[in-house]
Amino acid sequence: MANDISNETIDYVAILARLELTGQEREEARQDMSRMLDYIDKLNELDTSGVEPMSHAFPLQNVFREDEVTEGDGSVETLQNAPEAREDMFVVPRTFD
């Protein structure tokens with residue numbers, strides 16, 4: 001393990017994550033963090049000079065549709081089926097006191 005993680009770092013991360021760690025859990029967290037940092041160091045060894053920077057692995061495209069004028073949302077027809085309606089709204093029983 002090339003990356004030595006201090007007790008202060010483990011305590012700080014535990015506070016940020018709102019965790020209370022036992023001694024065994026602290027040691028496991030230290031080993032996990034060290035392995036993660038070792039992996040990041042290994043990734044830094046890759047030659048990415050010919051790779052174009054990107055923010056997503058897949059190309060993004062706008063998925064929104066164009067606005068179209070329609071014949072409304074059907075609220076008038078829907079309210080015709082309501083047992084009781086007032087001012088274009090459903091009237092329902094009160095749910096709280």
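**A loop and a surface patch**

At 70% relative accessibility, Asp88 counts as exposed, because anything over 50% falls in that class. Keep in mind that you are looking at a predicted model.

**The loop between strand 1 and strand 2**
- Asp88 lies in the loop between strand 1 and strand 2.
- Its backbone is worth a look: phi of Asp88 is near 60°, a positive value in a residue other than glycine.
- Glu87 is also placed in this loop, with strand 1 covering 85–86 and strand 2 covering 89–90.
- Glu87 is not a glycine either, yet it has a positive phi of about 50°.
- How exposed is Glu87? Its relative accessibility is 67%, so Glu87 counts as exposed.

**A nonpolar patch on the surface**
- Find Tyr12, Val13 and Leu16, which form a nonpolar patch on the surface.
- Together, these residues have about 310 Å² of accessible area.
- Tyr12, one of the patch residues, belongs to helix 1.
- Tyr12 counts as exposed because its relative accessibility is 52%, and the cut-off is over 50%.

**Confidence in the model**
- For the protein, the mean pLDDT is 88, and 98% of its residues reach 70 or more.
- Where is confidence highest, and where is it lowest? It is highest in helix 1 (residues 7–16), at 94, and lowest in helix 3 (residues 75–80), at a mean of 88.
- When you look at Tyr12, then, you are looking at a residue of helix 1, where confidence is highest.

Methods. Residues are numbered from 1 along each chain as its sequence is written. This is a predicted model: local features need pLDDT of at least 70, side-chain atom pairs count only at pLDDT 80 or more; totals for chains, interfaces and linings use all residues. Side-chain values use heavy atoms; hydrogens and water are left out. Helices (H or I, at least four residues) and strands (E, at least two) are DSSP runs, numbered from the N terminus. Buried means under 20% relative accessible area, exposed over 50%, partly exposed in between (1.4 Å probe, protein chains only). pLDDT is the predictor's confidence in each residue, from 0 to 100. Patches are made of residues with over 30% relative accessible area and no salt bridge: like charges are joined within 9 Å, nonpolar side chains (Val, Leu, Ile, Met, Phe, Trp, Tyr) within 5 Å. Accessible areas come from the Shrake-Rupley method with a 1.4 Å probe; for residues, only the protein chains shown count as cover. A salt bridge is a side-chain nitrogen of Lys or Arg within 4 Å of a carboxyl oxygen of Asp or Glu.
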